[in-house]
Structure formats: C-alpha cells, structure tokens
Amino acid sequence: MPDSMARHSLSFDVEEHFQVSAFESPMRRRHWEQFESRVESNTDKLLDLLNQRGVHATFFVLGWVAERYPSLVRSIASAGHEVASHGYAHELITAQTQVAFREDVRKAKGILENILQQPVLGYRAPSFSITKDTMWAIQILVEEGYVYDSSIFPVMHDRYGVPSANPQVHQLSTQAGLLWEVPPSTVKCLGVRIPIAGGGYFRLYPYKVLRALLRKLEGEGSPLVMYLHPWEFDPDQPRMEGSMLSRIRHYLNLDKTEGRMRALLQDFSFAPIRRVFPQIVPL
Ligand SMILES: [Zn+2]
C-alpha cells in the first residue's frame, strides 16, 4: 500500500540495547564502548521486515549511534524512511540542565544532517522524558530548528508522562514559535487513559487485546502513533543487571515482537509521521 493511503504512523527509536533508561547508571554509561554493539544488525533485520511489507516508518536515531554508524543512517534514509532525532546521549531530560539539553539536541541534529545533507525536523526524548517539570524543553526544540516532537506521553507512569496532556496531534505555543506535538497513542478504557503505543505495552498485552484497543482508537478516527526499538527484535541480546521491574519491562516477550509486528503490519497500514501528519511539513 502506498504511504499516502496509510492512516497510522510507525516509529522506531534507534539505540543500543544497553542504552535504555531502565538500566541507566553513570557506571554503565562509562562502559558503553565496551558492550557488544547490536544496533546495526537489529536495525538491518527490522529494515528487511519493513521492506518485505513495503512499509515505511520514522526512525528516531540516537546521535551517539549515528556518529558511529553513519552508513546505518544512510541505509534507513535510502530505504525511504524518515530519519529524526532521539537526541545525542540518551540522558533523561529530567536529569539535564537546559544548557545541556540544548547542546544534546543540537549535536544530534547536526550529526544526522551532516550525514544525510537534509533537514531533520522531528525529535523524541529518551524515555518520553518531557514532563511537567521539563516543559522548557519545548521552546529549546523550536529554537534549535525542530518542527515536531513526539515525547509527551499522556499517561501516568513512574518515569514519564503528563496525564493531563492532549492525546491528539496538536501545536504547542512557545515564545520562540510553534512546535507540533505527536503524542504516542493511548486509549480511554473505563475512564482511565492507557498506553497502547508500543514498546513494553506492545509486548505485554496479548496481541488480540492490543489489536482490539487499536481498532477502538482507529474507530474514533485517531491515527495511531506507535513506537518500538530495534533491540525489541533481538531475543538473544545479552542480559543486563538491573532491578526486577526494569528487567521485566525490558526482556518480557522479546521473542514475540517480530511475530506480533508481522501481524500488526498485516492488520493496519503505516507510514512515517510526516506522511500521516502532512500538516507538520510533508515528507
Ligand atoms: Zn530511547
């Protein structure tokens, strides 16, 4: 199906399995260079899967990854996908100063644009960490030339979320100008807004339950905004130490992601964010 017919957006946050926020620690960060890199092979696997189905998506690539694997960024773009920014160093915004955040998003955009020789307009924060406390990030994104953000999760969660946030695609106004916000999908069930956008939720719910919830949202006329990570397609990744909750969230049902993804691509039609929401800037 051509992208122009697709109703829903699909995106991937491209990072190494050892960079996820659930396992974040200063000690581990110092050892990033020593872990086995799996991001290239995992992303290649994902690109093959999408290519088989003729589906295009948005890839929010971490600057740290792009710097080391520029050819990976070029392969994503040349396969017809949208490339956007996941920041440079995968630090939670809630743990950054405004100066450090600006430096991080500027560096990532510069690296990606230097590789692709075209503007990179979208941003997604590590672990959706634009919260009530870090709303200042929105104006900095505008000032740094970003046109849209996909980081404000309208749910209650221990590490992220703005429960009262607008769940639809909308514009945020700042002193520096407007920024489009593309919130990950949620659905209201019995008065509670629950996340169904992807990641751990995608692996947690039985697929039939997830599909029913996605159909409900689709029936309400809302385009889906879904996300996954290349490491979620890698059940053989080395296990990291961490809290029981983090380990459950990260490793649950990794062996099921690929099969579920194939089913999802069969059941719904997807395209990159800027194709599904051309009001941002058409791709
Ligand atoms: Zn991430």
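How many bridges join β1 to strand β11, and in which sense do the two strands run? In this predicted model, two bridges link β1 to β11 (residues 270–271), and the strands run parallel. Within this pairing, S9 has A271 of β11 as its bridge partner.

Six of the seven residues of β1 are buried, so the strand is largely enclosed by the rest of the structure.

Strand β10 is covered on both faces. V225 and Y227 are buried on one side. M226 and L228 are buried on the other. In a regular strand, side chains alternate between the two faces of the sheet.

The chain as a whole contains 11 helices and 11 strands. Its radius of gyration is 17 Å, close to the 19 Å that the globule rule gives for 283 residues, so the chain is as compact as a globular protein of that length. Along the principal axes, the C-alpha atoms fill a box of roughly 45 × 40 × 40 Å. Of the 283 residues, 45% are buried. Among contacts with a separation of 6 or more, 75% are between residues 24 or more positions apart.

The largest nonpolar core holds 69 residues. F59, V61 and L112 touch the most other members of this core. Helix α5 supplies the largest share, six residues. In soluble globular proteins, nonpolar side chains tend to be buried together. Leaving aside residues up to four places away in sequence, V61 touches V14, A66, V73, V83, S85, H86 and L112.

Helix α6 (residues 136–143) has A137, I138, I140 and L141 buried. These four residues cover an arc of only 165° around the axis, which puts them on the same side of α6. The cover over the buried residues of α6 includes helix α5 (98–116). It also includes the strands β4 (122–123), β5 (148–149), β6 (170–174) and β7 (177–181). Just after α6, G145 adopts a positive phi of about 95°.

N253 is found between α9 (244–251) and α10 (257–267). Is N253 buried, exposed or partly exposed? N253 has 16 C-beta neighbours inside 10 Å; a buried residue needs 20 or more and an exposed one has 12 or fewer. N253 therefore counts as partly exposed. Its C-alpha atom is separated by 5.7 Å from that of R203, although N253 and R203 are 50 residues apart along the chain.

Conventions:
Residues are numbered from 1 along each chain as its sequence is written. This is a predicted model: local features need pLDDT of at least 70, side-chain atom pairs count only at pLDDT 80 or more; totals for chains, interfaces and linings use all residues. The arc is that of the directions from the helix axis to the C-beta atoms. Two residues are in contact if their C-beta atoms, placed from the backbone, lie within 7 Å. The radius of gyration is taken over C-alpha atoms; the globule rule is 2.2 Å times the number of residues to the power 0.38. A nonpolar core is a set of buried Ala, Val, Leu, Ile, Met, Phe, Trp, Tyr and Cys residues joined through C-beta atoms within 7 Å. Two strands pair if DSSP finds at least two bridges between them.
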